[in-house]
Amino acid sequence: MTAAIVADDVSRTYQLDGVSVPALRGVSLTVDPGDYVAIVGTSGSGKSTLMHLLGGLDRPTGGTLLIGGRDVSTLSPDEMAALRNTTIGFVFQSFHLLARTTAQDNVGLPLVYRGVGRRERRERAATMLERVGLAHRITHRPNQMSGGEQQRVAIARALVTGPSVLLADEPTGNLDSATGQSVLALLESLVDDGVAVVLVTHDRDVAARARRQIVMKDGLISETR
Amino acid sequence: MRLAEAWRVALDALRANRLRSMLTMLGVIIGVAAVVALVAIGTGTKQQIENQVEGLGSNLLLVVPGRIQAGSAPTSSPLTLDDIDAINRVVGDRSRVAVTIASGETVRAGSRTGFASMQGVLETTPTVFVRNLDRGSYLTRTDVSTGRRVAVLGAGLARTLFADRDPIGRQITIGGVRFRVIGVFEPLGQSLGVDRDGEVHVPVTAAQRLLGTERIDGIAIRAPDRDRIGDLSTAVVAALTDRHPDTDFSAVTQEQILGVLGDILGVLTGVLAAIAGISLLVGGVGVSNIMLVSVRERTKEIGLRKAVGARPRDIGLQFLLEAVLLTTTGGILGMLLGGGTALLVDRLSPVPAALTWWSMALAFGVSAAVGIIFGVVPAQRAGRLDPVVALRTE
Ligand SMILES: Nc1ncnc2c1ncn2[C@@H]1O[C@H](COP(=O)(O)OP(=O)(O)O)[C@@H](O)[C@H]1O
Ligand SMILES: [Mg+2]
């Protein structure tokens, strides 16, 4: 069984007004299919930077990174886009739903970029919304839904392409704890379905439920549990 | 991404900002409308003038002393009626030769006064030019040879002097000399900017006596057919030069006049269209500006679309189509506005206007091109946006 993501001594240094800011300073990590990894760490420790690299939104400035078995340093921007579309699902703290668009069309958005026609997109989006418990919210727009519902829509969107890895950067950060718990339960149910989930969280209890915990500090992994 | 999908996204984005889209389009609408309306007016004017010149009669050759060229001073005419006899021999048909001596004169009938362009002419005028009578009769050969003081009034002048009364047989004075009205022309309207209904035709001999001169200002010859105009022109000029070695003579055909007028009007229309085109360009800059704002506003959306698999070109296409949609919609509305304006101007004002399909097509094509040209930079900027930076933007 090949690993979904392999990071080997990966670093990422930002250039800010001519000053080098090392956000990641050599991180090695393997995400297997069906894995459940929690990343914790103080603010500014490089968690989001790592997530962007793992999801192919960004490229490392050092080390090697394989996503779906492919070395990202060899991929063109178009190939990276295709990789994100097919292999990765993203869930963000602030949901990032398109404001004037229905839940159904938000969920169908990734399918637009693989040329799926509108009818099929809507069918698949409806199925996915049903799966996250939002069958009754299909035609609602983000401003007509609660935060928890919006995050479920975002999860449905991340899943609609059938990715092997789901990356969630503080998905419960904008939710109250009860809603957060139900969103986490949803994510954990995905692990049972064989999707690898990588989760950034501040909550030690949440992290403790993962199969593995990674603690970040100053751009390095300080501890693995 | 499929093209149909990209169109839908672009349309959606424009609908989301209706007011802003409308205002942005306004620049393009005004630009296109101006191009269409001004070209229509230019074309209409040109057609009208062509009709008027052709309406004078066909196969005409006009002979005047002096050179016809820009900047040359008017030459005082050495031509007299003796020259006309010589030309009649060259042409071989007296009825094909007309002359004129013109002068602005005050015309009175009883207590009414008008100002008219008095034309001293031969009886041949109606056979050389197209000139129909409304009533009465035209001058005769005897009127001309005896210098009889009879006059044919233009329709406008007849109305000024006689209102609804019948002018035939009545007395008028031209420059203080008594004439008898024998005919009235059909209304002609304006021709080349001159009111042709304010003319009064009298025998050339009577006009010469009134003005105390022997001269003739110009000669018009009607060639039997188009092919003979060239030869006739050469022969007539040669005959006149023979008689007046010190004077240059010019012979111009209707076609030459039309050519010159057409060139002038073409240039004028082009200049007008270019000025209107500048406003279209300004409209394009407005589109570019708004698209840049739109890209900035939708940074997060762009980041998200990239995160779920949009390629740079998918994003670029989306914004480019948005710009093109703005300008082509503006172009269509501008075409309607410009076309409507042209029709109104044509109907409600003396200025003629003729819509041409090519000016509409051109305006539409240019507005689409403006959208592409001014949409490219914002589209590229959107396409190149770093998704990480875009997603971090709050
Ligand atoms: N685009 C950027 N340019 C410069 N520095 C950045 C950029 N993004 C993040 N950083 C810096 O990198 C470090 C890690 O940031 P981040 O990965 O967001 O941390 P976390 O998600 O753990 O809070 C921080 O010091 C942050 O200021
Ligand atoms: Mg973060």
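Residues from chains A and B surround ligand 1 in this predicted model, so the site is shared between chains. The shell, in which a residue counts as near if one of its heavy atoms lies within 4 Å of the molecule, consists of A:Y14, A:L16, A:A23, A:T42, A:S43, A:G44, A:S45, A:G46, A:K47, A:S48, A:T49 and B:R392. By class, this shell around ligand 1 has three nonpolar, seven polar and two charged residues, where Ala, Val, Leu, Ile, Met, Phe, Trp, Tyr, Cys and Pro count as nonpolar, Asp, Glu, Lys and Arg as charged, and the others, Gly among them, as polar.

The model is a predicted one, in which local features need pLDDT of at least 70 and side-chain atom pairs count only at pLDDT 80 or more, whereas totals for chains, interfaces and linings use all residues. Residues are numbered from 1 along each chain as its sequence is written, chains are lettered from A and ligands numbered from 1 in the order in which they are written, and side-chain values use heavy atoms, with hydrogens and water left out.

| Residue and atom | Distance to an oxygen atom of ligand 1 |
|---|---|
| A:T49, polar side-chain atom | 2.5 Å |
| B:R392, polar side-chain atom | 2.9 Å |
| A:S45, backbone N or O atom | 3.3 Å |

Taken alone, ligand 1 exposes 560 Å², and the protein buries 73% of that; such accessible areas come from the Shrake-Rupley method with a 1.4 Å probe, and for residues only the protein chains shown count as cover. The elements that give two or more residues to the shell around ligand 1 are β1 (5-16) and α1 (47-54) of chain A, and α1(A) gives the most, with three residues. Helices (H or I, at least four residues) and strands (E, at least two) are DSSP runs, numbered from the N terminus.

An open sheet of four strands has the order β2-β1-β4-β5 in chain A, with antiparallel pairing, two strands being paired if DSSP finds at least two bridges between them. Its edge strands, each pairing on one side only, are β2 (19-31) and β5 of chain A. Helix α1(A) packs on this sheet, touching β1, β2 and β4 of chain A, and its direction makes about 60° with that of β2(A); contact here means heavy atoms within 4.5 Å, while axes are lines fitted to C-alpha atoms, for helices over the stretch in contact, and angles run from 0 to 180 degrees between N-to-C directions.

Within this sheet, five bridges join β1(A) to the antiparallel strand β4 (residues 62-67) of chain A, with A:A7 opposite A:L65 and A:I5 having A:I67 as its bridge partner. Strand β4(A) is in turn joined by two bridges to the antiparallel strand β5 (residues 70-71) of chain A, where A:L66 stands opposite A:D71. The hairpin of β4(A) and β5(A) has two residues between the strands, and A:G68 there takes a positive phi near 55°.

A second sheet of chain A is open and has six strands in the order β6-β7-β8-β3-β9-β10, with mixed pairing. Its edge strands are β6 (88-91) and β10 (220-224) of chain A, each pairing on one side only, and neighbouring strands are turned by 20° against each other on average, direction ignored. Helix α5 (residues 147-159) of chain A packs on this sheet, touching β6 and β7 (165-169) of chain A, and its direction makes about 170° with that of β6(A).

Strand β3 (residues 36-41) of chain A pairs with β9(A) in the parallel sense over five bridges, and A:A38 has A:Q213 as its bridge partner. Four bridges join β9 (residues 212-217) of chain A to the antiparallel β10(A), in which A:E223 is the bridge partner of A:V215.

How values were computed. A polar contact is a pair of N or O atoms within 3.5 Å; within protein, one must be able to donate a hydrogen and the other to accept it, and residues adjacent in sequence count only if both atoms are side-chain atoms.
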